[in-house]
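Please read them with the structure open.

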Amino acid sequence: MAVLLFILYDPFFTGQFGGTIVHSYSNITVRKDVDRERFISFPSALIRFVLKFSLGWVSLLTVTGNEKKKALHDFIAKSVVLNDQKSI
């Protein structure tokens with residue numbers, strides 16, 4: 001049960017609220033790249049989490065190589081991490 005909660009925590013909160021509790025405290029949110037007013041779907045959030053977990057720091061190597069500062073898992077999930085202006 002604990003493993004299931006660990007696996008679903010990030011995708012659930014990212015899909016429903018735009019990020020986890022840590023994202024909220026960090027004033028960042030995860031949104032759809034093509035429609036930044038909307039959160040990504042749960043399936044996209046799950047794919048994003050699995051890739052982020054599987055690839056680890058390797059996924060972050062792409063952040064400096066593009067204008068939107070997107071990691072590899074964000075490219076695949078079609079998401080983008082933004083500053084959360086509502087929390088600032």
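1. D33 is buried: its relative accessible area is 17%, and the cut-off for buried is under 20%. Keep in mind that this is a predicted model.

2. Where does D33 lie? The residue sits in a loop, between strand 1 (28-32) and helix 3.

3. Which side chain does the side chain of D33 meet in a polar contact? The partner is K68, and the distance is 3.1 Å.

4. Now the rings. A search of the whole structure gives seven aromatic pairs. One of them joins F12 and F17. Their centres are 6.3 Å apart, with 80° between the planes, and the pair is edge-to-face. F12 itself is partly exposed, at a relative accessible area of 40%.

5. F12 and F17 also belong to a cluster.

6. Why is the pair of F49 and F53 called stacked? The planes meet at 25°, and planes under 30 degrees apart count as stacked. The ring centres are 6.1 Å apart, so they fall within the 6.5 Å limit for a pair.

7. Both F49 and F53 are in helix 3 (residues 42-55). Four residues separate them, about one turn of the helix. Their accessibility classes are worth checking side by side. F49 is buried, with a relative accessible area of 10%, whereas F53 is exposed, at 58%.

Notes. Residues are numbered from 1 along each chain as its sequence is written. This is a predicted model: local features need pLDDT of at least 70, side-chain atom pairs count only at pLDDT 80 or more; totals for chains, interfaces and linings use all residues. Side-chain values use heavy atoms; hydrogens and water are left out. Rings of Phe, Tyr and Trp (its six-membered ring) pair if their centres lie within 6.5 Å; planes under 30 degrees apart count as stacked, over 60 as edge-to-face and the rest as tilted. Buried means under 20% relative accessible area, exposed over 50%, partly exposed in between (1.4 Å probe, protein chains only). Helices (H or I, at least four residues) and strands (E, at least two) are DSSP runs, numbered from the N terminus. A polar contact is a pair of N or O atoms within 3.5 Å; within protein, one must be able to donate a hydrogen and the other to accept it, and residues adjacent in sequence count only if both atoms are side-chain atoms.
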